[in-house]
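Me: I have a structure open on my screen and I'd like to learn how to read it feature by feature. Can you walk me through it?

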Amino acid sequence: ALDERLVKNLDVDVRILLTWHTDLTDMDLWVTEPSVEKCDYSHNRTTIGGRMSHDLTQGYGPEEYTVRRAMPGKYKIQVNYYGSNQVTLTGGTTIQATVITNWGRKNEKRKSITMRLENKQEVIDIGAIAFGE
């Protein structure tokens with residue numbers, strides 16, 4: 001169970017978390033809102049209230065997008081494998097995106113997506129969610 005004090009303070013319609021498994025790696029979470037405004041590290045506050053966390057360029061994440069009162073419509077989720085200074089024999093980086101709607105509420109829904117990205121500068125469509133439709 002969640003502490004009720006946290007639920008009140010962090011009540012959001014949409015929450016998306018991105019983590020990855022390699023150090024010294026820069027992954028960027030991008031969310032395009034129904035208004036077609038893109039929320040990312042360089043544009044981290046949107047007109048409808050979307051917020052992107054700080055750009056983490058040297059670790060495992062997380063990067064996080066939230067919107068307290070979501071606009072109805074489709075939210076497109078992408079990841080940009082910006083780059084890595086990780087010395088590795090295993091190749092690419094495994095990412096995990098967790099998409100949560102109605103976070104902290106009784107009708108909360110969550111889905112986790114795990115993918116392997118091989119190429120730096122690669123942009124991957126993780127998926128999309130339809131909120132309030």
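Reply: Let's begin with what a strand is: helices (H or I, at least four residues) and strands (E, at least two) are DSSP runs, numbered from the N terminus. As for the ground rules, residues are numbered from 1 along each chain as its sequence is written, and side-chain values use heavy atoms, with hydrogens and water left out. This is a predicted model, where local features need pLDDT of at least 70, side-chain atom pairs count only at pLDDT 80 or more, and totals for chains, interfaces and linings use all residues.

Me: Okay, pockets then. Which strands each supply at least two residues of the lining of the largest pocket?

Reply: A pocket is found on a 1 Å grid over the protein atoms alone: it is an open set of points where a 1.4 Å probe fits, with protein on both sides within 12 Å along at least five of seven lines, whereas in a cavity the probe cannot get out; lining residues have an atom within 4 Å of a point. Here, β1 and β5 each give at least two lining residues, and β5 has the largest share, with three. The lining has 14 residues, and Leu-10, Val-12, Arg-51, Thr-66 and Arg-68 are the ones nearest the centre of the pocket.

Me: What is the volume of the largest pocket, and what classes of residue line it?

Reply: A volume is the space filled by probe spheres set on the points, with grid points joined across faces, edges and corners. For the largest pocket that comes to about 200 Å³. On classes, Ala, Val, Leu, Ile, Met, Phe, Trp, Tyr, Cys and Pro count as nonpolar, Asp, Glu, Lys and Arg as charged, and the others, Gly among them, as polar. The lining has six charged, five nonpolar and three polar residues.

Me: Now the sheet. What is the order of the strands in the open sheet?

Reply: The general idea is that strands of a sheet pair through backbone hydrogen bonds, either parallel or antiparallel. Two strands count as paired if DSSP finds at least two bridges between them. In this model, five strands make an open sheet in the order β4-β5-β1-β7-β8, and the pairing is antiparallel. At the edges sit β4 (51-52) and β8 (109-117), each pairing on one side only. Zoom in on β4 and you'll see it run antiparallel to β5 (residues 63-67) over two bridges, with Met-52 bridged to Tyr-65.

Me: And β2: is it buried or exposed?

Reply: Buried means under 20% relative accessible area, exposed over 50%, and partly exposed in between (1.4 Å probe, protein chains only). Eight of the eight residues of β2 are buried, so the strand is largely enclosed by the rest of the structure. In a regular strand the side chains alternate between the two faces of the sheet. Both faces of β2 are covered, with Thr-25, Met-27, Leu-29 and Val-31 buried on one side and Asp-26, Asp-28, Trp-30 and Thr-32 on the other.

Me: What does Thr-32 touch?

Reply: Contact means heavy atoms within 4.5 Å. Leaving out residues up to four places away in sequence, Thr-32 touches Glu-37, Lys-38, Lys-74, Tyr-75, Lys-76 and Gln-78. Thr-32 belongs to β2 (residues 25-32) and counts as buried because its relative accessibility is 17%. Lys-38 is also its bridge partner in β3.

Me: Which residue in the turn between β2 and β3 has a positive phi?

Reply: Most residues other than glycine have a negative phi, and most peptide bonds are trans. The β2-β3 hairpin has five residues between its strands, and Val-36 in that turn has a positive phi of about 75°. Val-36 is exposed, at 65% relative accessibility. Asn-102 also has a positive phi, near 55°, but Asn-102 is found in strand β7 and is buried, at 13%.

Me: Last one: how many salt bridges are there?

Reply: A salt bridge is a side-chain nitrogen of Lys or Arg within 4 Å of a carboxyl oxygen of Asp or Glu. The structure holds four. In one, Arg-105 meets Asp-13 (2.8 Å, N to O), and the two are 92 residues apart. In another, Arg-15 meets Glu-64 (2.4 Å, N to O); Arg-15 lies in β1 and Glu-64 in β5, so the pair ties together parts 49 residues apart in sequence.
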